[in-house]
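Dear colleague,

My notes on it follow directly after.

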Amino acid sequence: MRKYVIGAVLTFALCNVGFAQQTKNGGDLVPNGKGEGLQQAHGNPKPAKPGTTQNGINYHGGPIITGTTNVYYIWYGNWSGNTATTILTDLASNIGGSPYFNINTTYFNAANTHVSNLVSYKGDTTDNYSRGTSLSDAAIQAVVSDAITSSRLPKDTNAVYFVLTSADVTASSGFCTQYCGWHTHGTIGGSDIKYSFVGNPDRCPSACEEQTVGPNGNAGADGMASIISHELEEAVTDPDLNAWYDRRGYENADKCAWTFGTTYSKNGALANVKLGTRDYLIQRNWVNAAGGYCSMSY
Ligand SMILES: [Zn+2]
């Protein structure tokens with residue numbers, strides 16, 4: 001199960017882009033120096049010894065996103081005529097309040113404030129290949145920065161900005177070979193902005209799509225739904241990469257990547273959750289309670 005990952009390269013990628021969702025056949029993450037021996041949160045009601053856990057994931061003292069988490073999309077490249085724009089907008093509009101996203105409420109900060117089950121889709125913008133078709137990590141941050149500094153999107157520190165690239169675009173630090181998506185944060189306009197890259201897995205179905213059909217009839221967009229969900233739940237529980245992750249460096253969604261629980265048939269594809277009016281196949285997430293486990297609901 002290590003078809004794609006080369007440890008040294010993955011370490012490099014993690015150091016530069018934050019936490020990545022591995023490709024479907026990826027191996028274990030290499031420890032990145034963050035996982036052990038760090039101080040525990042003062043507000044953790046049952047402090048664990050460094051390097052040990054009660055629920056299989058540890059708090060490392062950094063912020064989480066509290067209150068309503070806002071979501072913005074940046075459609076990079078050519079998305080004209082692609083149903084992804086409605087399928088994925090519907091996802092962001094309906095994931096909040098679901099039993100699925102409620103899993104994230106099991107995570108909290110040093111003040112014992114928990115992640116909420118509130119997500120608000122706040123809008124989108126387009127980017128017509130401003131940085132070409134092979135995006136470096138710096139170029140991806142620049143795409144976010146451009147959208148904010150040009151006022152196409154507001155500057156929002158309680159948000160996650162998703163750079164969604166069309167299938168003719170790659171990310172040069174390892175899309176399709178090292179990862180399918182990632183999230184990180186950066187200083188933009190003097191503020192700490194959380195953002196994520198998610199590529200169109202139609203570019204590499206064997207690495208980044210669970211199935212080559214989709215419950216909404218768009219394999220790429222249906223595949224992105226799971227990756228967006230993965231990055232969103234990591235971004236709310238570990239926005240600055242110093243809050244919730246395990247000894248291996250795995251964040252909540254990493255611990256359940258490419259597992260889906262009970263599925264059912266929809267439009268010739270598999271699905272496992274209904275959000276709003278649509279069915280999706282979205283990976284499970286790690287519940288930070290009862291010893292810890294992967295689930296589709298809490
Ligand atoms: Zn991840």
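Which backbone nitrogen does the side chain of Asp 156 reach? The model is a predicted one, and in it that side chain reaches the backbone nitrogen of Asn 158, at 2.9 Å.

Asp 156 lies in the loop that links helix H3 (137-149) to strand S6 (159-165). The residue is buried yet has no salt bridge. Lys 122, the nearest side chain of opposite charge, is 5.8 Å away, and a salt bridge requires a distance within 4 Å. A polar contact does connect the side chain of Asp 156 with that of Tyr 72, at 2.8 Å. Apart from its neighbours within four places in sequence, Asp 156 is in contact with Asn 70, Tyr 72, Tyr 161 and Ile 193.

Turning to the strands, S9 comprises residues 191-199. Eight of its nine residues are buried, so strand S9 is largely enclosed by the rest of the structure. S9 pairs with S6 in the parallel sense, over six bridges; Phe 162 has Ser 196 in S9 as its bridge partner. Strand S8 (residues 179-188) runs antiparallel to S9, and eight bridges join the two. Here Thr 187 has Asp 192 in S9 as its bridge partner. S8 and S9 form a hairpin with two residues between them, and Gly 189 in the turn has a positive phi of about 60°.

Two further residues deserve a look for their backbone angles. Most residues other than glycine have a negative phi. Tyr 129, however, has a positive phi near 60°. Tyr 129 is placed in the loop between strand S4 (119-127) and strand S5 (134-135), and it counts as partly exposed because its relative accessibility is 24%. Cys 176 also has a positive phi, near 80°. This cysteine sits in the loop between strand S7 (170-171) and S8. With a relative accessible area of 10%, Cys 176 is buried.

As for the protein overall, its secondary structure comes to five helices and 16 strands. Of its 298 residues, 60% are buried. Among contacts with a separation of 6 or more, 72% are between residues 24 or more positions apart. The protein exposes about 11000 Å², of which carbon and sulfur atoms supply 50%.

With kind regards

How values were computed:
Residues are numbered from 1 along each chain as its sequence is written. This is a predicted model: local features need pLDDT of at least 70, side-chain atom pairs count only at pLDDT 80 or more; totals for chains, interfaces and linings use all residues. Side-chain values use heavy atoms; hydrogens and water are left out. Helices (H or I, at least four residues) and strands (E, at least two) are DSSP runs, numbered from the N terminus. Buried means under 20% relative accessible area, exposed over 50%, partly exposed in between (1.4 Å probe, protein chains only). Contact means heavy atoms within 4.5 Å. Accessible areas come from the Shrake-Rupley method with a 1.4 Å probe; for residues, only the protein chains shown count as cover. Lys and Arg count as positive and Asp and Glu as negative; His and the chain ends are not counted. A polar contact is a pair of N or O atoms within 3.5 Å; within protein, one must be able to donate a hydrogen and the other to accept it, and residues adjacent in sequence count only if both atoms are side-chain atoms. Two strands pair if DSSP finds at least two bridges between them.
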